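Here is a short report on a structure that may be new to you. Keep the sequence and the model side by side as you read.

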Amino acid sequence: MRPSVLLRLSLAGTRTDLMRVVLTAVSMLLATLAVLAALNVLAISTPLAVADETGARLSTQYSNALLREPGLRGGTALALVLLTIPILALAGQCFRVGAPARERRLAGFRLAGASPRQAVLVAVAETGIAALLGTLAGLGVFLAGHELLHRPDRRGQLPLPTDVLPAGPGVVATVVGLPLLAALVTALLMRRVVVGPLGVVRRSGRTGAPAPWPGILIAVGAAPFVTLMPLSRWLAEQDVPNWLAPLALFLGALFAAAGVILGTGWLSYTAGRLLLRIGRGPATLLAARRLVADPWTGSRTLAALLACMLFAGGAAGVRAWITTGRDVQEEASRADAAAQGYPYDPSGSDFYSRTLDLVDLAVGVGVVIAAGGLLVALAESIVARRRAYAMLVATGVPRRTLAASIVWQVAAPAVPAVGLALVVGALLPRGIATEVGVVRMEGCVDGVCARSEESVRAIPVLWDHLLVFGAGGVATVLFMTAVGLLFLRASTAVEELRVG
Amino acid sequence: MTFLRARGVVKSYGHTPALRGVSVDVDEGEIVAVTGPSGCGKSTLLHCLAGILRPDAGEIRYRDQRVDALPEATRSRLRRTEFGVLFQFGQLVAELTAAENVALPLLFAGTGRREARVAALTWLDRLGVADLADTRPGEMSGGQQQRCAVARALVTEPRVLFADEPTGALDSLTGEQVLIQLVRLAREQRTTVVLVTHDVQVAGYATREVTMRDGGIDPTGLGLATSVRYPR
């Protein structure tokens, strides 16, 4: 098949296909912005000269400490890269928009003589082209933003690293690599779809009712957190590389997130069975049957949001740890200052609070992106089932019953799953430590102290933060469901019964 | 060497048997009508002969080549180069124009777009629907769509045309017109035709009729009509 033919066939489609291309491009644009921003942060050069009295080599041209201090840039870049997780989840949802019509078209190609490889190639090319358009647009937006946001403040400092550009190879790798990744993921997803001349068959990898086995993944994920402190002395003796512990924690968090997301399948199934038992109306019956029949939809549609919630729970745990540590340290410093008769200087103590606020902001951005994915998934599931819904309406089922069943269907697994994600996220940092302490040395002369006093305080669980995050997560789900229901009226028109 | 041969073909869908050891031979240039009541396995036999479905047991040979043993990609190539397939309806890609639909098999075979379009227009003209070249299937009547489908099935000048109820979705007059064109063009090209139908009148256009019943060949040929060789 010639490239021009491949291009023509991959871009042949209806408005729904165009919407899929646009949404895929937009999600890739966002992913490009996040990755380029991370590369931009990493491109900041650390000055060779000593910049301050503590000996830290600060990039003083920036007003933000996250950019000024070299030790914090890696974490900042990592946070920006992590933002791509909900964005890529959004891209995954976008890929499903109009999937039945696309697969019918691919089956048509097969009937006309296309080989299975050619049919998959058409689908892969469509995603690849859409993603490339998105990354190119993302590069354009990034460069334009780079110019527009280059505004030094009164002290001549920059709020963003607009004085440097990401390294060329990194930019090329992003702009080309993301579409290749999208195309590869499409090819992998298409492995589950058998496109034959007579139609499309989906290979279902999962059969039977989901079990609570993903709980094991959560336990495995928690292991590095729980064992870090007991093993810390041994690790220090073994002279292991510095990056090993953070990597183990990162992988642990990924395992825990996977456990929560996969566990949502079991939560959906259990919620469905529970609804079947206690539900009274037709809406709960419809929702319950659907949850039991397809429990994995919940974990798929809520995946990005749950990853954000787990991250939010973890951020709340870290906030509790840091603020408690800061309070204990502050008390000790205040006592020291009083004992030695000099005034206490609290400057710099709000740095971590501001940083944690930025982490919360990142969680918020992640939730917004995940909400976009949720809306796409909801709208797609309603449109895909429009014939069934239209038939129910035609036989007299009120639309409000269908709407209520959809709300139940989304909310029943979402509420416990959001709670689980927050709790797991909050517990992970507590696996490392549940209390913080400061040792105060008193009466020290030439390095020998007369006595020491340890001040220890338990790290509290920030229930208020968790509650706010949980309420925000559930409210996001409900709001997006309400917006998604706008598609219900159009999809339940009786004319939909005539759509093939 | 038999041109197209099925021997002891068995095919089931789950626990439901569709073909129970069917054997049939088709000679080159024949127009064979496979008839029988609904659910007797006509379409399944056609799909197996065309290499769309792989039988559970038995063998399909085309010019001494085991079709059922070929990998999917090779069977696709066979369908693209040697076979043409025609269904009752819904085979045109809704998003493409009539000319693009007809050109598809050539495009998949690597023919250039311009060359494929010229061939498509020629075939649309032969079928009398050249004026619909840039029209999408949704804007055509059922008869016009089926003429486009016939053009697409014949554009590669296949040696065998498999037609599954090709006029089943059309009114009798339109169906007859489409069928007359199909048979005329097949004869002109010396294309072998295997035609599945439950319509006795449609079967009348064939040179031979094979009658099926309950997943096997009905030796009495009394499924719908007597098994006769039509001297056409």
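## Two loop residues in chain B

With 15 C-beta neighbours inside 10 Å, B:D214 counts as partly exposed. The term has cut-offs: a residue is buried if 20 or more other C-beta atoms lie within 10 Å of its own, exposed if 12 or fewer, and partly exposed in between, with C-beta atoms placed from the backbone. B:D214 sits in the loop between β9 (208-213) and β10 (216-217) of chain B. Its phi is positive, near 50 degrees, and the residue is not a glycine.

B:R63 also has a positive phi, about 50 degrees, without being a glycine. The loop that holds B:R63 runs between β4 (57-62) and β5 (65-66) of chain B. B:R63 has 14 other C-beta atoms within 10 Å and is partly exposed.

## Ground rules

This is a predicted model, in which local features need pLDDT of at least 70 and side-chain atom pairs count only at pLDDT 80 or more, while totals for chains, interfaces and linings use all residues. Residues are numbered from 1 along each chain as its sequence is written, and chains are lettered from A and ligands numbered from 1 in the order in which they are written. Helices (H or I, at least four residues) and strands (E, at least two) are DSSP runs, numbered from the N terminus.

## The sheet of chain B

Six strands of chain B form an open sheet, in the order β6-β7-β8-β3-β9-β10, with mixed pairing. β6 (83-86) and β10 of chain B stand at the edges; each has a single partner strand, so one side of each lacks a neighbour in the sheet. Strands pair if DSSP finds at least two bridges between them.

β6(B) pairs with β7 (residues 160-164) of chain B in the parallel sense, over four bridges. B:V85 has B:F162 in β7(B) as its bridge partner.

## Two helices of chain A

Helix α12 (residues 296-340) of chain A has 45 residues, which should span 66 Å at 1.5 Å a residue; its end C-alpha atoms are 63 Å apart, which agrees. The expected span is 1.5 Å times one less than the number of residues. α12(A) bends by about 60 degrees at A:A303. The bend is the angle between axes fitted to the seven residues ending there and the seven starting there. After α12(A) comes A:G341, with a positive phi near 80 degrees.

Helix α11 (residues 282-293) of chain A has twelve residues. Its buried residues include A:L286, A:R290 and A:L291. Against which helices do the buried residues of α11(A) pack? They pack against α10 (244-278) and α15 (399-432) of chain A.

## Domains of chain A

An automatic or database domain assignment sets the bounds: chain A has domain 1 (1-205) and domain 2 (216-500). Their centres, taken over C-alpha atoms, are 24 Å apart.

In chain A, 16 residues of domain 1 are in contact with 18 residues of domain 2. Contact means that C-beta atoms, placed from the backbone, lie within 7 Å. On the domain 1 side, α5(A) gives the largest share, seven residues. That side has 14 nonpolar, one polar and one charged residues. Ala, Val, Leu, Ile, Met, Phe, Trp, Tyr, Cys and Pro count as nonpolar, Asp, Glu, Lys and Arg as charged, and the others, Gly among them, as polar.

## Where the chains meet

20 residues of chain A are in contact with 22 residues of chain B. On the chain A side, α6(A) gives the largest share, four residues. The residues of that side divide into ten nonpolar, seven polar and three charged.

Terms used
Two residues are in contact if their C-beta atoms, placed from the backbone, lie within 7 Å.
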